[in-house]
Amino acid sequence: MAGRFTPRPTRTTVRGGHVAVPGGVPRPAPAPGRVRTWVPDGPLDLGLVLGPLRRGPADPTFRTTPDGSVWRASLTPAGPGTLRVAARGAEVRGEAWGPGAEWLLERLPELLGAADEPAAFEPRHRLVAAARHRRPGLRLTRTGLVLESLIPSVLEQKVTTDEAYRAWRLLVRKYGEPAPGPVNGRMWVMPAPRTWALIPSWEWHRAGVDNKRASTILRAVRVAARLEEATRMAPPEAQARLEVVSGIGPWTSAETVQRSHGAPDAVTVGDLHLPGIVGWALAGDRDADDAVMLELLEPYAGQRHRAARLILLSGRVPARRAPRMPRGDIGRL
């Protein structure tokens, strides 16, 4: 039976970065919004580039459609906005709705990796080189938004992927606002910082979020403006600013700047699975810890996050030695 079924995505495989984008000819959406077209300077795979922004298959802020389009709902500095991105041959077409439409379209190239430099990466291992050859459209996205990546990353601290995705889904749908544009009530914009701060303690509990993670989010949204300023900093300085907030450590800050800054060297440390995957792929060591992982990735200094993503995309992962971690739900207590 092995191999007949696609394994369920884990936080690590999702971070590896592939979202299935159905093929097909994009069809014009109803009620046209503002439009921008852009021609990338090389191969571009929408599923690979935008996949890390999706928080589970039922993420209310992210969806793909059968015509090959990727839709995102974001809370921008200009207000809520919905963005639809579709590739037509060598050209990418972005269409946006809502008060944040102009902001989203202005940053469309960066979202699709225009600021990334994939040519600067030099593979040092055959497995990495093969993964890069098979995935020429991999670029690192840069959203220019901190909280929309920080909050779900905090929700993912020390729990199973399913628990974190469920919490994000419940809280965004209950306290966010319907996304603008022709989404028929199927997409939501994440809550504003003040709304996060006003969520009652029992609602965090019902969503399965313990007090430690909820308190970290509350501390972060109180200084939301200062954290969003980090988008103008280099990734290491941005991580340092994020980690000033109690409860945000290297794991969470790296997961955030990978998306907000498109940081090619922000390797995730403190992950349950990643060191073993990197150790197994590069040295046959499934028991590698963070120190061993960083030593193995040292030849990729400056591009360690990209190397880790390519390793994840290679599919070379050690076989499981124990059952999957059971899913908990403190909301039932």
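## Buried tryptophans, an open sheet and a helix pair

Trp-97 is buried, with a relative accessible area of 7% (buried means under 20% relative accessible area, exposed over 50%, partly exposed in between, with a 1.4 Å probe and protein chains only). The model is predicted: local features need pLDDT of at least 70, side-chain atom pairs count only at pLDDT 80 or more, and totals for chains, interfaces and linings use all residues. Residues are numbered from 1 along each chain as its sequence is written, and side-chain values use heavy atoms, with hydrogens and water left out.

**Aromatic pairs**

- The structure holds four aromatic pairs (rings of Phe, Tyr and Trp, the last by its six-membered ring, pair if their centres lie within 6.5 Å; planes under 30 degrees apart count as stacked, over 60 as edge-to-face and the rest as tilted).
- One of them joins Trp-71 and Trp-97, which are stacked at 5.5 Å centre to centre with 10° between the planes.
- Trp-71 lies in strand β3 (residues 70-76) and Trp-97 in strand β5, so the pair ties together parts that are 26 residues apart in sequence.
- Trp-71 is buried, with a relative accessible area of 5%.
- Trp-196 and Trp-204 are also stacked, at 6.0 Å centre to centre and 25° between the planes.
- Both Trp-196 and Trp-204 are buried.
- Ring pairs link Trp-168, Trp-196 and Trp-204 into a cluster.

**The sheet**

- Five strands form an open, antiparallel sheet in the order β1-β5-β4-β3-β2 (strands are DSSP runs of E with at least two residues, helices runs of H or I with at least four, numbered from the N terminus; two strands pair if DSSP finds at least two bridges between them).
- β1 (34-38) and β2 (62-64) stand at the edges with a single partner strand each, so one side of each is left without a neighbour in the sheet.
- From one strand to the next, the twist averages 20°.
- Five bridges join β1 to the antiparallel strand β5 (residues 91-97).
- Trp-38 stands opposite Val-92 in β5.

**The helix pair**

- The axes of helix α6 (residues 147-155) and helix α13 (residues 250-260) come within 9 Å and cross at roughly 145° (axes are lines fitted to C-alpha atoms, for helices over the stretch in contact, and angles run from 0 to 180 degrees between N-to-C directions).
- Residues of α6, including Leu-150 and Val-154, meet residues of α13, among them Trp-251 and Arg-259 (contact means heavy atoms within 4.5 Å).
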